[in-house]
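Trainee: I have a structure to read today. Could we go through it feature by feature?

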Amino acid sequence: MAESANRVRQPPLTEPSSLSPAERLLLLEAALRATSYRASIAHRHVGPRAEDVDRLRALAGPLRDEGDNPARVLEELDVLGSPATVGVTSGRYFGFVTGGSLPITVAANWLATAWDQNAGLSITSPVAAEIERIALDWVLDALRLPGDAAGALVTGATMANFTALAAARHAVLARVGWDVESDGLRGAPALQVVVGAEVHPSVRRSVSLLGIGREQCIPVAADDQGRLRADALPQVTGPTIVCAQAGNVNTGAVDPLDDIANWARANGAWMHVDGAFGLWAAAAPERAPLLAGHDRADSWAVDAHKWLNVPYDCGIAIVRRAADLRAAVALSAEYLTETAVREPMHFTPELSRRARGVEVWAALRALGRRGLADLVERCCLHAGHFARHLSAAGAEVLNRVTLNQVLVSFGSAQQTLRVIEAIQRDGTCWCGSTVWQGRTAMRISVSSWATTEADVDASLAAIRRCMRQV
Ligand SMILES: *Cc1c(COP(=O)(O)O)cnc(C)c1O
């Protein structure tokens with residue numbers, strides 16, 4: 001395409017337009033306000049201040065009979081809402097395990113939101129369906145997963161676990177002649193789900209939503225890093241699903257996937273990998289060996305809104321045999337005609353939904369294989385830097401830092417919580433608390449594209465200051 005055809009024109013406000021001048025100004029104003037917000041994030045208190053959260057009360061009151069001017073509505077949202085946000089997009093936000101949305105993914109999200117496409121069917125949005133198909137192909141490629149696996153774009157890893165486990169439930173019961181989609185679970189052969197002791201709660205929730213029952217999970221002991229111990233896997237018979245984890249939310253540790261795959265093969269079990277953030281390490285050559293055997297599983301869950309740094313909400317379920325996923329979630333109705341192209345609605349539990357694939361496509365297109373590998377590797381190096389310098393400063397690092405997670409103790413539980421509180425109050429960076437294997441710790445998760453060495457150094461200085469104060 002010629003360069004000139006690509007350039008965005010700014011038509012004068014008097015030109016014929018589908019938008020009134022006021023509507024056009026509203027959209028431009030939103031872009032300006034959002035851009036200012038992002039531009040100022042590095043200079044603000046990372047967590048919101050209590051007084052800014054208190055001011056949200058001004059948004060309340062009864063629903064009014066009459067509407068208000070949209071420009072005023074937007075202003076109110078920005079003036080009251082923006083200061084009360086958590087600075088997740090700051091390079092010094094290390095809470096939970098989140099990403100920080102790359103600017104290109106925010107821009108792609110704005111454009112796709114303006115398109116307002118329903119990504120459920122190719123006829124409601126050929127562009128969303130096609131971009132989603134391409135994005136999923138790229139994800140399989142980047143994560144070194146089988147190229148013919150099927151993918152589903154859902155809201156997050158919780159729904160990705162749910163969707164993949166629905167496919168698993170289908171397959172292991174179909175093998176013993178039970179049609180769970182038609183007949184449900186009443187009277188079905190017993191189905192067991194083997195999980196590590198440190199399984200993410202979203203897996204148990206999925207097992208419960210799927211009617212299998214949380215208490216039917218068979219926990220397997222974890223080692224000193226929180227990894228499922230392959231030597232403790234039980235003897236099983238009958239329909240079985242084993243849930244491995246790539247990336248423990250506390251330690252970042254990856255279960256021994258190759259050994260679990262061997263066990264699954266020997267026991268005829270379906271192997272699922274919850275790799276909400278950790279699966280992205282497969283895209284980084286230096287870290288990929290930690291995930292050896294990850295491609296032998298039957299299904300995977302991964303979050304694009306974590307380490308790929310796209311906006312919420314975006315998780316991906318991946319299933320080796322497309323037929324298993326389709327059998328579990330496909331939809332048919334007379335008004336929904338079959339077509340020759342991939343119909344998104346046959347791969348997810350949802351029908352109408354936003355075009356999440358656009359941001360995944362944009363992130364991977366803008367980063368490329370190398371940019372993605374660098375992003376992951378950089379976060380891991382920053383985590384290692386945190387661990388070394390905090391140890392040197394007299395804190396105790398509880399985990400072996402192999403990925404992007406660092407668990408830090410500042411002494412007793414009380415002492416640790418006091419330091420965390422001081423850090424949050426200081427506002428230079430934000431870290432949360434956790435309890436892992438009986439120890440209270442501060443959790444540092446480096447998952448954002450935006451984190452620089454200077455961010456890490458400034459955060460280390462703030463943490464050391466708070467350690468001295470407490
Ligand atoms: C974050 C996370 C989840 C849940 O993901 P959501 O996107 O919050 O639904 C599941 N498993 C692991 C290992 C996670 O880190």
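Mentor: Begin with the ligand. Its shell has four nonpolar, six polar and three charged residues. Here Ala, Val, Leu, Ile, Met, Phe, Trp, Tyr, Cys and Pro count as nonpolar, Asp, Glu, Lys and Arg as charged, and the others, Gly among them, as polar. One caution: this is a predicted model, so local features need pLDDT of at least 70 and side-chain atom pairs pLDDT 80 or more, while totals for chains, interfaces and linings use all residues. Residues are numbered from 1 along each chain as its sequence is written, and side-chain values use heavy atoms, without hydrogens and water.

Trainee: Which residues come nearest to the ligand?

Mentor: A residue is near a molecule if one of its heavy atoms lies within 4 Å of it. Of the 13 residues around the ligand, Thr158, Asp274, Asp303, His305 and Lys306 come nearest.

Trainee: How do I read a polar contact?

Mentor: Look for a pair of N or O atoms within 3.5 Å. A polar side-chain atom of Thr158 lies 2.6 Å from a ligand oxygen. For Asp303, a side-chain N or O atom is 2.6 Å from an oxygen atom of the ligand.

Trainee: How much of the ligand does the protein bury?

Mentor: Accessible areas come from the Shrake-Rupley method with a 1.4 Å probe. Alone, the ligand exposes 380 Å², and the protein buries 84% of that.

Trainee: How many aromatic pairs are there?

Mentor: Rings of Phe, Tyr and Trp (its six-membered ring) pair if their centres lie within 6.5 Å; planes under 30 degrees apart are stacked, over 60 edge-to-face, the rest tilted. The structure holds five such pairs. Tyr93 and Trp430 are stacked, because their ring centres are 5.6 Å apart and their planes at 20°. Tyr93 sits in the loop between α4 and α5, Trp430 in the loop between α13 and β10, 337 residues apart. Helices (H or I, at least four residues) and strands (E, at least two) are DSSP runs, numbered from the N terminus.

Trainee: Are Tyr93 and Trp430 buried or exposed?

Mentor: Buried means under 20% relative accessible area, exposed over 50%, partly exposed in between (1.4 Å probe, protein chains only). Tyr93 and Trp430 are both buried. Ring pairs also link Tyr93, Phe96 and Trp430 into a cluster.

Trainee: What about tryptophan 138?

Mentor: Trp138 is partly exposed, at 30% relative accessibility.

How values were computed. Polar contact = N/O pair within 3.5 Å; in protein donor to acceptor, adjacent residues only side chain to side chain.
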